Amino acid sequence: MHTFEVKEDFLLDGQPFKIMSGAIHYFRIRPEAWYHSLYNLKALGFNTVETYIPWNLHEQEEGKFDFKEQLDIQKFVRLAEDLGLFVILRPSPYICAEWEFGGLPAWLLNYREMRIRSSDPMFIKKVANYYKELFKQISPLQVTQGGPVIMMQLENEYGSYGEDKEYLLALYELMLENRVTVPLFTSDGAWDEAQTAGMLLDKNILSTGNFGSKANENFAQLSNLHKRHRKKWPLMCMEFWDGWFNRWGEEIIRRDPEELAEAVGEVLKLGSINLYMFHGGTNFGFMNGCSARGRKDLPQVTSYDYDALLDEQGNPTEKFFSVQREVHELFPEIEQSEPLKKTALEPAVAELKAKVSLFSIVEMISQHHSSKYPENMEKLNQNYGYTLYQTKVPKRSDEEFYRVIDASDRVHFFLNQEKITTQYRDEIGEKIFCTPNKEQNQLDILVENMGRVNYGHKLLADTQRKGIRSGVMSDLHFICEWDQYSLDFSKLDGIDYKQPWIEGTPAFYQYELAVEKPGDTYIDLQKFGKGVVLVNGFNLGRFWNCGPTLSLYVPAAVLKKGINEIVIFETEGEWSENIAMEPKPKYKKSQEG
């Protein structure tokens, strides 16, 4: 059993200890690949792994908790321990992490009077219910209990959001109630205002800084702050940003490997470090987050490659070797080794087997709900993905207009199953002109939740409630009597592909891929418009031909020897008779890096 303390230095078993950590999020990597990533962190010469813990995955439905398979945090931590790594856990209710709603569960949005990330008693009660189950899993993993966990986070970058000290105190007390005995820390930008707002000084909780360059300047700010508050704390960059995330339609962000290594060395000469990210992984399913820039929400891509030291599939990049050399120069006594490298699946082609329109089979793969007015996704008990809104309208003139009022995030509007328009961002709410050709006409409105904001004030915005919030208008009046279909991607086995395929409508495309020996691969989606891909029932995530990524990563673990099923749900009417599996990702040509 080890001891770990925060004094003027970090002390492991009473001796000074420099934390050399890298971020690996267990929930962004298939469990079969955890060992590969953790081994490579140890091979770099680092001694600690850090991970967030996402509330929205562990309690997807209120009161129902999941710590199995992909979410087996105990197994991940014990595996790190077996490899000789210590662990830093960040179990705060909010994690940011470019993750859907910053890790907050979407069902919280049904409590309209509750204020999240605050001392609101209702919010604290929800956190307490979650912590009661979470800490049963992680409290036994602390060094004080013979495990490898040396520190835990109180809240994440709260100094860039609020200054409600009662909230921070409530979290602190909940952690003590749940038998947390290792040192606690906060992590914020290194400047005074963020640090001061995010600190909980009277409980002697270590404050750490987040930055990606200029370690001398940032650590000087942090040190001066500590001195002003009469704290003799070690310096640590809890998030040293070695790359960055990417958003749809923007350029891929890259960082020079040698410049990064030099910047990492600058941090290590002065204090401790956590590389964010060491291995980024993938925002599988509908878990990508969203940036907020002014009035606009800017969703992030499925890949969380992050231009990190390991690429999306976990193989070492040039950054890995540059940082490894820097570590050896600074600390030649540290043991390092060759990193593990995965072999890719041989290039292959999957052939189209069947296709069917969403309109033909929607009742087979959804939860149905009727109401006077259209309801938002959360009220329909749907947290993520797509909702199809359907109603009948009479013909009143040869040309009519409709408006979708207050909806998020992307709207496909159909009249009698013919696509009229797609609206997104500022376009939603504009007039949609149609020429009804029947006495009774069917409106179909497919709304996609493209990911909730993960950082900043818009966590509280009503736009984080997805679907149609206010209603749909014909001329100047709201339309009544709606059927709503919440698409359930766990029901795809129930698709009847013998039903009609309607050109130009959202549709499901079923492919078969023959595999002799499973391996990591990338599915090339350049011929498709927008949608999601499932392989053998596993949701790889979203794709969109606006780039910068034009492929999706397929972990070897979701493939099997023999015939594999690939189902693509595509919303733009763009598809192909076959799809290629390639060993490397595809980017828009202007965005390759």
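Hi everyone. A word on ground rules before we look around. The model is predicted, so local features need pLDDT of at least 70 and side-chain atom pairs count only at pLDDT 80 or more, while totals for chains, interfaces and linings use all residues. Residues are numbered from 1 along each chain as its sequence is written, and side-chain values use heavy atoms, with hydrogens and water left out.

Let's start with helix α1, residues 34–44. Helices here are DSSP runs of H or I with at least four residues, strands are runs of E with at least two, and both are numbered from the N terminus. Is α1 mostly covered or mostly open? Mostly covered: eight of its eleven residues are buried. By buried I mean under 20% relative accessible area; exposed is over 50%, and partly exposed lies in between, using a 1.4 Å probe and protein chains only. The buried ones are Trp34, His36, Ser37, Leu38, Asn40, Leu41, Ala43 and Leu44. Their cover includes strands β4 (20–24), β5 (48–52) and β11 (272–279), together with helices α3 (73–82) and α9 (318–330). Just after α1 comes glycine 45, with a positive phi of about 105 degrees.

Now for pairs of helices. Two packed helices are described by the angle between their axes and the distance between the axes. The axes are lines fitted to C-alpha atoms, over the stretch in contact for helices, and angles run from 0 to 180 degrees between N-to-C directions.

Take α1 with α3: their axes come within 10 Å and cross at roughly 40 degrees. Trp34, Tyr35 and Leu38 of α1 touch Lys75, Phe76, Leu79 and Ala80 of α3, where contact means heavy atoms within 4.5 Å.

Next, α4 (residues 121–138) and α5 (residues 165–177), whose axes come within 10 Å and cross at roughly 30 degrees. These two are therefore roughly parallel; that label covers angles under 35 degrees, with over 145 roughly antiparallel, 65 to 115 roughly perpendicular and the rest oblique. From α4, the contact uses Phe123, Ile124, Val127, Ala128, Tyr131 and Phe135, which meet Tyr167, Ala170, Leu171, Leu174 and Met175 in α5. Which classes do we find there? Eleven nonpolar residues, no polar and no charged ones. For the classes, Ala, Val, Leu, Ile, Met, Phe, Trp, Tyr, Cys and Pro count as nonpolar, Asp, Glu, Lys and Arg as charged, and the others, Gly among them, as polar.

Staying with α5, its buried residues include Tyr167, Leu168 and Tyr172. The buried residues of this helix pack against α4, β7 (149–156), β8 (184–189) and α6 (192–198).

Compare helix α8 (residues 257–270) with α9: they pack at about 35 degrees, axes 8 Å apart. That contact has eight nonpolar, two polar and six charged residues.

Finally, lysine 530, in strand β27 (residues 530–535). Is lysine 530 buried or exposed? Buried, with a relative accessible area of 1%. Leaving aside neighbours within four places in sequence, lysine 530 contacts Arg410, Glu448, Met450, Phe543, Trp544, Phe569, Glu570, Thr571 and Glu572. Its C-alpha atom lies 18 Å from that of glutamate 418, which is 112 residues away along the chain.
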